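Biologist: Could you show me how to read a ligand site in a model like this one?

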Amino acid sequence: MPDSNRGPLTRVAVLIPTYNERANLAGIVARVRAAVPAADVVVLDDNSPDGTGELADELAAADPQVRVIHRPGKAGLGAAYLEGFQWAIDAGYDAVVEMDADGSHQPEQLPALLTAAADADLVIGSRWVSGGRIVNWPIHRKALSIGGNLYIRGLLGMPVMDATAGYRVYRTDALQRMGLGDVASQGYCFQADLTWRAVRKGLRVVEVPITFVEREVGDSKMNGDIVSESLRRITTWGVGHRVAQVKGLAARVGRREPTWHRL
Ligand SMILES: Nc1nc2c(ncn2[C@@H]2O[C@H](COP(=O)(O)OP(=O)(O)O)[C@@H](O)[C@H]2O)c(=O)[nH]1
Ligand SMILES: [Mg+2]
């Protein structure tokens, strides 16, 4: 088992990436503050045209446990989270939470995820383990999630049911061990990328069932580019993984050759 500083978390930063979430932000921040009063909230806004960043500033001015990181423009979920992770590491937090702004990840379920993080490096709020649910997702989104997870498991052989989930807790010491300097994933494939990195590092990944509730207000930023980035990157990692497996097998067989010659 790798070195670990596991145990109950004391300093937690809930990172909320936003792009045009003005109608959702105040509600989600209030729910987080009520559900986990000790945690700080950090809004990662990509200069939303709808004024989400200005609203976040107002919330931060009214509550010292709310902060805002203003980013210059829309650069994808992955880039926003990477900046938030580094900020939280530098500020000395024990753990970061990833949470969507649109209410899909219910703050009321966060205490269960944080409890599980006392004995894990990465906790995934999972829709696809026993007890997990999805409310109000159209059939094409369910199909994409099921298909994507099957593809990931089939190609990468990861024992994770919901590798694309975006409701997570990472211990910051685990993030530092994961080597995030070369993460290129920009869109939602960031989630699968980091899951794969955690599994390869031998970190302890635990899935806790959640109920994912589709947004009622505002628009999804999911699009074809995000899907094709995921497909392209996951296929590349999968092919690399399988080639490495075959090479490993060949090397093992090769090492047995001298024995065979002596027969
Ligand atoms: N900062 C930032 N946040 C983003 C970006 N794209 C999506 N988000 C946020 O990521 C979260 C999930 O996005 P959403 O569109 O609801 O995705 P869906 O639930 O898969 O349909 C929301 O809080 C979005 O505002 C981005 O490029 N930058
Ligand atoms: Mg959403």
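Biologist: Which pocket does ligand 1 take up?

Modeller: On a 1 Å grid over the protein atoms alone, a pocket is an open set of points with protein on both sides within 12 Å along at least five of seven lines. A molecule sits in one if more than half of its atoms lie within 2 Å of its grid points. Here, the space taken by ligand 1 is the largest pocket. This is a predicted model, where local features need pLDDT of at least 70, side-chain atom pairs count only at pLDDT 80 or more, and totals for chains, interfaces and linings use all residues. Residues are numbered from 1 along each chain as written, chains are lettered from A and ligands numbered from 1 in written order, and side-chain values use heavy atoms, without hydrogens and water.

Biologist: How many residues surround ligand 1?

Modeller: A residue counts if one of its heavy atoms lies within 4 Å. Ligand 1 has 18 such residues, with E21, D46, R141, S220 and K221 the closest.

Biologist: Which polar contacts can I look for around ligand 1?

Modeller: Look for pairs of N or O atoms within 3.5 Å. A polar side-chain atom of S220 is 2.5 Å from a ligand 1 oxygen. For E21, a side-chain N or O atom lies 2.6 Å from an oxygen atom of ligand 1. Y19 uses a backbone N or O atom, 3.0 Å from a ligand 1 oxygen.

Biologist: How much of the accessible area of ligand 1 does the protein cover?

Modeller: By the Shrake-Rupley method with a 1.4 Å probe, the protein covers 97% of the 570 Å² that ligand 1 has on its own.

Notes
A polar contact is a pair of N or O atoms within 3.5 Å; within protein, one must be able to donate a hydrogen and the other to accept it, and residues adjacent in sequence count only if both atoms are side-chain atoms. On a 1 Å grid over the protein atoms alone, a cavity is a set of points where a 1.4 Å probe fits but cannot get out, and a pocket is an open set with protein on both sides within 12 Å along at least five of seven lines; lining residues have an atom within 4 Å of a point.
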